[in-house]
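Here is a short report on a single protein chain.

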Amino acid sequence: MSLADSSHKLERKLGLFPVTNIVIANIIGAGIFTTTGYLMGFLGNPILMLILWVIGGVIALCGALAFGELGAAFPEAGGEYIFISKLFSPMLGFLSGWLSLIVGFSAPIAASAIGFSNYFTWAFPTFQEWLMLNELLSPGLFNRLLAILIILIFSFVHSRGVVLGARVQNTLTLLKILLVVGLIAVGLAFGNGNFQNLHSGSSIDLGFDDWKAIGLSLMFIMFAYSGWNSATYIGSEIKNPGKVIPRSLLISTVIVTVLYVLLNLFFIYAVPVGEMRNEPEIGGLAAGFAFGPTAETVISLLISFALFSSLSAFIILGPRVYYKMAEDGYFFKTIAKVHPVRKVPSNAILLQATIAIILVLSGTFEQILTYMGFSLGIFPIIAVAGVFKLRIQNRSRLKLPGFPVIHLIFIASGITMLVLAYMQRPVESSVAILTALSGIPVFYWFKRKSFNR
């Protein structure tokens, strides 16, 4: 390879610690701090909700084991785009990348940015007035503009280089873990609350409507766990990827599952079920019930900044998928451009920021979550099914335990979840399906364009 060629390639600079940090940061985000109130609105039963959080963690762990094997076999940038393209077909792979572009990363960036602005203005309700923007902007528009500003700042930071981005990411992730662990430990040990809240919800008779609510709830929960597969998106920048990718996925998924269940236990302990229903700022609300108004303000502020970590992680990962699609000839060549000095796909970062900003300006927070949750559930199922083909073709480089049981659990639970969620929210789910299908003509356009060169 010539020096000119190598200047356009991503470099392997990331070890186990930064990669695990990126995965944890990618998982712990807006989902855990915003979905519990919605879940209580859907289910009305705290014990069932905790059980579903455990089930969600088990599903994510099954997926992590499968993706660890896939990542060891294909240690390249792109995640399921690469896996599905190489194991099934380039078109299916493209559709997964297409969905990643529009939904998989841009939508979580939008959700994290909105979550930040909501928590920040919850903590400082006079912030807009202090900036003297009350007469110019409505509170809703001000929150959206604040979210857009954060997207632009972090996109700029990560356009400066992967090492700088990883350092920022490591710091943010450690601070976020400290916040979550501190909230759990101090809240359960010293906060005001009552474990009787666990038994104060409505009963569940497991009729068809309850199953639909469970399906939708699990979809929201899996959105909160989304990111368990994120190390595979930066495979081209990981040192010793055959070992680091599976280890980082497993370590991070186990850590996050434990933290999620305990954090939800604190929410239930601190907040009565009736007050929790459909409340998006559940973290700040729980702190207020447990420690008073001052703590509510402080914790809301800390959560708002903790969301920087997940937003930052999404901004790191997404552009690597678009870069790989463009490098393969299935997207605009300019998106495959790597900065000659900073070694990052700068144009892909800019494109992702633009789409995230568009999403911030459209739809409600709950609509974005539903649309995103359904979309994110589709292609990981296909990728995990690819492990069967990998084994049949004897191409697996690292045979992780649990085959084929964990793979069948992931596939079956994923399909069931999507079907039930579609029945509960057909409009948002249909939009997600149409978004994926809209990539078919785009794929053939790029394929024809590449063929004619």
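## The second largest cavity

Eleven names make up this lining: Asn26, Ile27, Gly29, Ala30, Gly31, Pro108, Ser112, Phe223, Ala224, Ser226 and Phe314 surround the second largest cavity. Two or more lining residues come from each of α2 (16-27), α3, α7 (106-123) and α11. The model is predicted.

The space in this second largest cavity is about 60 Å³. Its lining has six nonpolar and five polar residues, and no charged ones.

## The largest cavity

The whole structure holds two cavities of 30 Å³ or more.

Five helices each supply at least two residues to the lining of the largest cavity: α6 (90-104), α11, α17 (365-376), α18 (379-392) and α19 (405-424). The top contributor is α6, with five residues. By class, the lining of the largest cavity splits into 18 nonpolar, 11 polar and one charged.

## The largest pocket

The largest pocket has a volume of about 150 Å³. Its lining consists of Leu152, Ser155, Phe156, Ser159, Ser346, Asn347, Ile349, Leu350 and Ala353. Which helix gives the most to this lining? The answer is α16, with five residues.

Both α9 (139-158) and α16 (346-360) supply at least two residues each. The lining of the largest pocket is five nonpolar and four polar, with no charged residues.

## Packing of α3 on α11

Helix α3 spans residues 30-43, and helix α11 spans residues 208-225. They pack at an angle of about 175°, and their axes are 9 Å apart. That angle makes α3 roughly antiparallel to α11, because angles over 145 degrees count as roughly antiparallel.

On the α3 side, the contact uses Gly31, Ile32, Thr35, Tyr38, Leu39, Phe42 and Leu43. On the α11 side, it uses Ala213, Ile214, Leu216, Ser217, Phe220, Ile221, Phe223 and Ala224. The contact of α3 with α11 has 12 nonpolar residues, three polar and no charged.

## Packing of α19 on α20

At what angle do the axes of α19 and helix α20 cross? The crossing is at roughly 125°, and the axes come within 6 Å. Helix α20 covers residues 426-437. This geometry makes α19 oblique to α20.

From α19, the contact takes Ala421, Tyr422, Met423 and Gln424. From α20, it takes Pro426, Ser429, Ser430 and Ile433. The contact of α19 with α20 divides into five nonpolar residues and three polar, with no charged.

## Overall fold and dimensions

The secondary structure comprises 21 helices and zero strands. The C-alpha atoms fill a box of roughly 65 × 55 × 40 Å along the principal axes.

How does the radius of gyration fit a compact globule? For 453 residues, such a globule would have a value near 22 Å. The protein has 21 Å, so the two agree.

## Backbone details

Two backbone features deserve a check in the viewer. One is a cis peptide bond that joins Phe403 and Pro404, with omega of about 0°. Pro404 sits in the loop between α18 and α19. Both of those helices also supply at least two residues each to the lining of the largest cavity.

The other is at Asn278. This residue is not a glycine, yet its phi is positive, at about 60°. Asn278 lies in the loop between α13 (273-276) and α14 (282-291).

Note on methods: Residues are numbered from 1 along each chain as its sequence is written. This is a predicted model: local features need pLDDT of at least 70, side-chain atom pairs count only at pLDDT 80 or more; totals for chains, interfaces and linings use all residues. Side-chain values use heavy atoms; hydrogens and water are left out. On a 1 Å grid over the protein atoms alone, a cavity is a set of points where a 1.4 Å probe fits but cannot get out, and a pocket is an open set with protein on both sides within 12 Å along at least five of seven lines; lining residues have an atom within 4 Å of a point. Grid points are joined across faces, edges and corners, and a volume is the space filled by probe spheres set on the points. Helices (H or I, at least four residues) and strands (E, at least two) are DSSP runs, numbered from the N terminus. Ala, Val, Leu, Ile, Met, Phe, Trp, Tyr, Cys and Pro count as nonpolar, Asp, Glu, Lys and Arg as charged, and the others, Gly among them, as polar. Axes are lines fitted to C-alpha atoms, for helices over the stretch in contact, and angles run from 0 to 180 degrees between N-to-C directions. Angles under 35 degrees count as roughly parallel, over 145 as roughly antiparallel, 65 to 115 as roughly perpendicular and the rest as oblique. Contact means heavy atoms within 4.5 Å. The radius of gyration is taken over C-alpha atoms; the globule rule is 2.2 Å times the number of residues to the power 0.38.
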